[in-house]
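Have the sequence and the 3D view open side by side.

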Amino acid sequence: MAAGAPEPANELVHRSCPLCEAHCGITVEVDRGAQRVATIRGDESDPFSRGYLCPKAYGLKGLHEDPDRLRRPLRRVDGGRFEEIGWEDALDLVAGRLREIRESAGPNAIATYLGNPNAHDLGSALFMPTFQRALGTRWRFSASSVDQLPKMVSCCAMFGAPLAVPIPDVDRTDFLLVLGANPLASNGSLMTAPDIPGRLRALRERGGRLVVVDPRRSETAQVADEHLFIRPGSDAFLLFAMVHVLFEESLVKLGRLAEFTHGVDEVERLARDFPPEAVAPLTGIPAPRVRALTRSFAAAPRAACYGRIGTCTQEFGTLASWLVDVVNTLTGNLDREGGALFPRPAHGPAEDRPRRRGKLPYGRWHSRVRELAEFAGELPVAALAEEIDTPGDGVRALVTVAGNPVLSTPNGARLAKALASLDFMVSVDIYRNETSRFADVILPTTGHLEHTNYDIAFHQLSVRNTTKWSPTVFEPPEDTKHLWEVLLEIGARVNGTTAETLEEMTLAKLLEATVGPGTACPGLSPEQAHERLAPRRGPERLLDLMLRAGPYGDRFEDGEDGLSLTKLAEAEHGIDLGALEPRLPDYLDTASGGVELAPDLLVADVARLRASLEERRAEGSLVLIGRRHIRSNNSWMHNVHALAKGKDRCTLLVNPTDAERLGLAAGGRARVRSRVGELVAPVELSEDLMPGVVSLPHGYGHAAEGVQLSVAQRHQPGVNSNLLTDETLLDALSGNAVLNGIPVEIAAA
Ligand SMILES: Nc1nc2c(c(=O)[nH]1)N[C@H]1C(S)=C(S)[C@@H](COP(=O)(O)OP(=O)(O)OC[C@H]3O[C@@H](n4cnc5c(=O)[nH]c(N)nc54)[C@H](O)[C@@H]3O)O[C@H]1N2
Ligand SMILES: Nc1nc2c(c(=O)[nH]1)N[C@H]1C(S)=C(S)[C@@H](COP(=O)(O)OP(=O)(O)OC[C@H]3O[C@@H](n4cnc5c(=O)[nH]c(N)nc54)[C@H](O)[C@@H]3O)O[C@H]1N2
Ligand code: SF4
Ligand SMILES: [Mo]
């Protein structure tokens, strides 16, 4: 600020926006007198987001002030009414019921479901494993299996860890091939990149090429050099055809990757069955265009292939996710500047960590009813309802944490019915919504501006290495609890111990892995490190340890200028740690130590794809896909007036040709029916949809009884698209739900 300028009346707090993966830097201007948010701006000094914001950031003010947002625990009393109760009573009630059920029916009678906001909350990320262990159940579900689970499976098999996801280097690539993602609306996923519009503009301004493969001419497709319509669910065919062309036309050039990549010959053999000409009837993309696309991708000096939600939430999600990285590897773009690389986040792990080199954490146990395989300790959420409503030793109690599965998982109607039949349910949630209305107890946690945060998951998935600390904006009000505190309180009470004991256990486990002989801090004992971390507590203490033992850390050496939480917090706009750099083969944690281009699990699944190729399923049937809107965030920002106002967004988009055939008119209403359910939605005509494909966004359907979302109910109630998605349609390998490409029948209503 210039000398002599008046002091700002309001205080400025710099932190990151917790709403989506981009985690843009925001500057919250606080009116301390009124204890209100005066305004929220993009932080121009944030080295990563450089002032960029989308409209949702401003919604944080409305979220903070929302009178419908819960501040006190609620207990359901007769007639479906809820009444406030004190924290002690609420926690005792929850723990008492969970203990009873565990004692009478075993730990697996309790299930957990974790929603998306857990990935945005440091306290949850660090203490959730302790909480899950305290409950002792194997029946763990999360939003992962309606999202990126296929990518986690393929990356774990290829690179050795579920989060070893190669990230497209958008800032330096010459060719970005996007399948099934619409970052102009979503702001990027498994590709943390604030200001996607600016970054894509820069790509094209430097002469780079953007190609989008999508059944809808999405906002991203509209700014691309080329858009290819694809039949939903057929990306694995397209990608295999590209691999076929790479081999057939001798375009494979692994470069330095050849030294540590296994299975290239196996991939060549598999791809023989998928020439572009054979797959064209399934994808709807003519063979010459596939050949041209492959040649130009291979010829680009630096190229990145990137697939997201559309390529995961489909029948061959794991194969498609794998093939994205196969294309990157075969063209030498894996782990290369301008290709797809592995970030090096400040919280670690450090390069000198011990490796696991273990077996794939897949199929070690199975769900009861359909025998679906576990992955990394979780079961597919498409099985949750049947695990409750199928007689036998099923799930009797459910703990949801920041999730709304009634609106976000397939066959929401069946799940709602199942939830109503549980012996006990607790929702750790800030709203009484479509899911938590079934809970016996709702435990709200502090608001997003009332706790510190660190974007631990998204620093791991960034297009650039950066690090940023988010301080609290408002002190939490009396008698409120942070999410991590609620988790530890429940876990402790269920096991007759204290939250503090569980916290110390969590720390001890992390200390064991980060300090002492064989670690990045060999000269320090866990006891010494424990002392050095005082007086910090909670997530902050764990994060300080991770940062200090991490790749840029001070390693607890005095006088070193490495990172610690103190140093990070002083850098209030965040710290730039530089562009992504090659990390292979060192980074890999596969059993062989190399890149597994043809892992057994994926190779075995190719038979299923081949069979489907032969079937040549009936064309002409209508299929449903989803979409996202920049002002919406899954199911839960719909109660903020600034975002919810405006025209109806929950419309069924229909191509005019289909509309005419079906007798639908713009502004009219359509009855949409699938195997599992039906709904009525307003019709919007759109040339942007591939004929034969209709689109309805997810996360709506707020009109249900018992829901306390008054703004959403008034402005954008919408309908629940997951009344149509089918819990029996899965990517058979990962168990991830198919949410795109649902067969539907449509008629005028
Ligand atoms: N048809 C279809 N379905 C989909 C998708 C799709 O594309 N199409 N997308 C899928 C994807 S990618 C995802 S991630 C899932 C999301 O699925 P979910 O995670 O189940 O749903 P969200 O809508 O994110 O709900 C978040 C919940 O957390 C609560 N919440 C928000 N912040 C906090 C907090 O700080 N503390 C607490 N305690 N609670 C909080 C909200 O009130 C809300 O109840 O939906 C999936 N469902
Ligand atoms: N504004 C906003 N931002 C969000 C969210 C939100 O709800 N709203 N949700 C956040 C979450 S949890 C996530 S996971 C990310 C998701 O981020 P994205 O993956 O970018 O999600 P979408 O915008 O749904 O884009 C998916 C695209 O896939 C296309 N598609 C559907 N089926 C197929 C198919 O079979 N093949 C191909 N090639 N394409 C297909 C759809 O038409 C759509 O354009 O967004 C995050 N950001
Ligand atoms: S893109 Fe929007 S919602 Fe996402 S972090 Fe940035 S401001 Fe928040
Ligand atoms: Mo997601």
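Helices (H or I, at least four residues) and strands (E, at least two) are DSSP runs, numbered from the N terminus. Two strands pair if DSSP finds at least two bridges between them. This is a predicted model, in which local features need pLDDT of at least 70, side-chain atom pairs count only at pLDDT 80 or more, and totals for chains, interfaces and linings use all residues. Residues are numbered from 1 along each chain as its sequence is written, chains are lettered from A and ligands numbered from 1 in the order in which they are written, and side-chain values use heavy atoms, with hydrogens and water left out.

**The parallel sheet**

- Phe175 stands opposite Ala303 in S13.
- Strand S9 covers residues 175–179 and pairs with S13 in the parallel sense, over five bridges.
- Both belong to an open sheet of four strands, ordered S11-S10-S9-S13, with parallel pairing.
- S11 (226–228) and S13 (303–307) are at the edges with a single partner strand each, so one side of each has no neighbour in the sheet.
- Neighbouring strands here are turned by 15 degrees against each other on average, direction ignored; axes are lines fitted to C-alpha atoms, for helices over the stretch in contact, and angles run from 0 to 180 degrees between N-to-C directions.

**The antiparallel sheet**

- An open sheet of three strands runs in the order S1-S2-S3, with antiparallel pairing.
- Its edge strands are S1 (11–16) and S3, and each pairs on one side only.
- S2 (residues 25–31) and S3 (residues 36–42) pair in the antiparallel sense over six bridges.
- Within that pair, Thr27 stands opposite Arg41 in S3.
- The hairpin of S2 and S3 has four residues between the strands.
- Gln35 is found in the loop between S2 and S3. Its phi is near 55 degrees, a positive value in a residue other than glycine.

**Ligand 1**

- The shell around ligand 1 has 28 residues, and Tyr113, Asn116, Asp429, Asn433 and Ser635 come nearest. A residue is near a molecule or strand if one of its heavy atoms lies within 4 Å of it.
- Both domain 2 (95–147 + 358–441) and domain 4 (618–748) give residues to this shell, so ligand 1 lies between them. Domain bounds come from an automatic or database domain assignment.
- A polar side-chain atom of Ser635 lies 2.5 Å from an oxygen atom of ligand 1. A polar contact is a pair of N or O atoms within 3.5 Å; within protein, one must be able to donate a hydrogen and the other to accept it, and residues adjacent in sequence count only if both atoms are side-chain atoms.
- A polar backbone atom of Asn404 is 2.9 Å from an oxygen atom of ligand 1.
- On its own, ligand 1 has 920 Å² of accessible area, and the protein covers 97% of it. Accessible areas come from the Shrake-Rupley method with a 1.4 Å probe; for residues, only the protein chains shown count as cover.

**Ligand 2**

- Ligand 2 has 32 residues around it; Ser186, Asp214, Asp235, Ser632 and Asn634 come nearest.
- Domain 3 (149–348 + 583–610) and domain 4 (618–748) both supply residues to the shell, so ligand 2 lies between them.
- A backbone N or O atom of Gly233 lies 2.7 Å from an oxygen atom of ligand 2.
- A polar backbone atom of Ser632 is 2.7 Å from a nitrogen atom of ligand 2.
- Taken alone, ligand 2 exposes 930 Å², and the protein buries 97% of that.
- Helix H5 (183–186) and helix H12 (309–312) are the elements that give two or more residues to this shell. The largest share, three residues, comes from H5.

**Ligand 3**

- Ligand 3 is surrounded by residues including Cys17, Cys20, Cys24, Cys54 and His23.

**Cis peptide bonds**

- The peptide bond from Ala534 to Pro535 is cis, with omega near 0 degrees. Pro535 lies in the loop between H20 (526–533) and H21 (538–549).
- A cis peptide bond also joins Leu584 and Pro585, with omega about 5 degrees. Pro585 lies in the loop between S23 (575–579) and S24 (595–596).
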